[in-house]
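My notes follow the order in which I checked them.

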Amino acid sequence: GMLKQIASGTNRFVRLRQISRRFSSSVGDKGAQLEERLRVFMEHEVYPAEAEVMQHMFSAERWSVSPVIEKLKIKAKEAGLWNMWIPLEIDHKAQLGHGLTNEQYARLAEIMGAIPFASECFNCSAPDTGNMEVLIKYGNESQKEEWLRPLLEGRIRSAFAMTEPAVASSDATNIQGTMLRDGSDYVLDARKWFTSGAMDPRCRMCIFMGRTSTDPATAVHVRQSMVIVPLPHPQVEIVRPLTVYGYDDAPHGHAEMNFRQARVAGTGLILGEGRGFEVAQGRLGPGRIHHCMRLIGMAERALATLCRRSQSRVAFGKPLSEQGTIRRDIAMSRIEIEQVRLLVLNAARRMDQVGAARARGEIAMAKAATPLVVQNIIDRAVQAHGAAGFTGDTPLAYLWSAARWLRVADGPDEVHLESLAKLELRRHAPK
């Protein structure tokens, strides 16, 4: 019953034709051309497929791969809209991707962000982008051959196993899971959770973060290492799929996993023992703001939905769009979208100019501000829809949950605010 309703309701999803382009297009032709081609592809291929994909996501078959997405991947590849996320800084000759700057990619991510599954159609979705970035930057030739190539081709998917239920994992020094050397192997012991993507039938590997040193004398930041774990693995148990506000995000899923004396080849070690923190920092180069860019696409979509809805409904003698409170919501939403977009584009541009490490203040600002602002904008759209806003008949409920969990997912707001405060206080430290 309810699934049928959700399925038929998704047909009423608002199609967002134009995402605003108010920020000057001074970012070179290549980006602008791709942007145009991406808009056309989204308009003609992705938006029309949305109802069917969402229907699959809530059906009994939802843990199987959506055939629609697999078809879209082939079309996107043929259209040359593939791996656009790979930044120029790690792909100088544009041999792997399109050689875009972070600022150029920001616009594309915004367009893809309006539909939750769209990034996957272009091989631009997390956590694979972060894992590919690790392999491009730090992988050796055999790791690249075995794992990077199929990931770049979109033949397999991957996961990232770091967060643990037993400790506050936003402080990565807390991570308790161990990976101890045994001959030429590592033996992994850990309970991980929110290992997103591990439920996917196409998931063939995860990057695991754990302690290689249990000696308390070892400096905190060199205790952790990262290793590649081929999946499925006989000693790695998927305990259960977790939910985010009731959504299980099938078939991708958020897994709780048990690594029980799981033996993996030492050849999967990334960069070297004790270098897990270094890799984790590098993993979140450009990936740090991809979510922010996508969030802005979600906000644009929510605002478009709010405007259409308010013009089509009458309450207390006039259209909702003529009610002062709704008009204020619309105006404030537009102001806030422009504010956070500029903040995100500023972070992207700074990364292009000076690199992610020196742009960390700008990145922290974008990451702390964007999800909360977008959550509030989506919330206004939900409110204007009345009861319908809570159902699966519009994309809003799902978008709201996505914005909310992004206030924790890539490091909680508090961590970004802390690093900003630190930078600011340092700037004004007494001489």
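**Notebook: salt bridges and a covered helix**

I began with D248, which is buried, at a relative accessible area of 14%. Buried means under 20% relative accessible area, exposed means over 50%, and partly exposed is in between (1.4 Å probe, protein chains only). I noted that the model is predicted: local features need pLDDT of at least 70, side-chain atom pairs count only at pLDDT 80 or more, and totals for chains, interfaces and linings use all residues. Residues are numbered from 1 along each chain as its sequence is written, and side-chain values use heavy atoms, with hydrogens and water left out.

**Entry: D248 and its partner**

Which side chain meets D248 in a salt bridge? I found R62, at 2.8 Å from N to O. A salt bridge is a side-chain nitrogen of Lys or Arg within 4 Å of a carboxyl oxygen of Asp or Glu. The pair links distant parts of the chain, 186 residues apart. D248 sits in the loop between β6 (236–242) and β7 (254–265). R62 sits in the loop between α2 and α3 (67–78). Helices (H or I, at least four residues) and strands (E, at least two) are DSSP runs, numbered from the N terminus. R62 is partly exposed, with a relative accessible area of 25%.

**Entry: a pair between two helices**

I then looked up D329 and R380, whose side chains meet in a salt bridge at 4.0 Å, N to O. D329 lies in helix α10 (residues 324–354) and R380 in helix α11 (residues 360–384), so the pair ties together parts 51 residues apart in sequence. D329 is partly exposed at 21% relative accessibility. R380 is buried at 17%.

E35 and R39 both lie in helix α2 (residues 29–57). They are 4 residues apart, about one turn of the helix. Their salt bridge has its closest N and O atoms 2.8 Å apart. Buried or exposed? I read E35 as buried, at 2%, and R39 as buried, at 9%.

**Entry: the whole count**

How many salt bridges does a search of the whole structure find? I got 33.

**Entry: helix α8**

Why is helix α8 (residues 276–283) largely enclosed by the rest of the structure? I noted that 6 of its 8 residues are buried. They are G276, F277, V279, A280, G282 and R283. I also listed what covers them, including α6 (128–138), β1 (157–161), β4 (203–211) and β5 (224–230).

Methods. Contact means heavy atoms within 4.5 Å.
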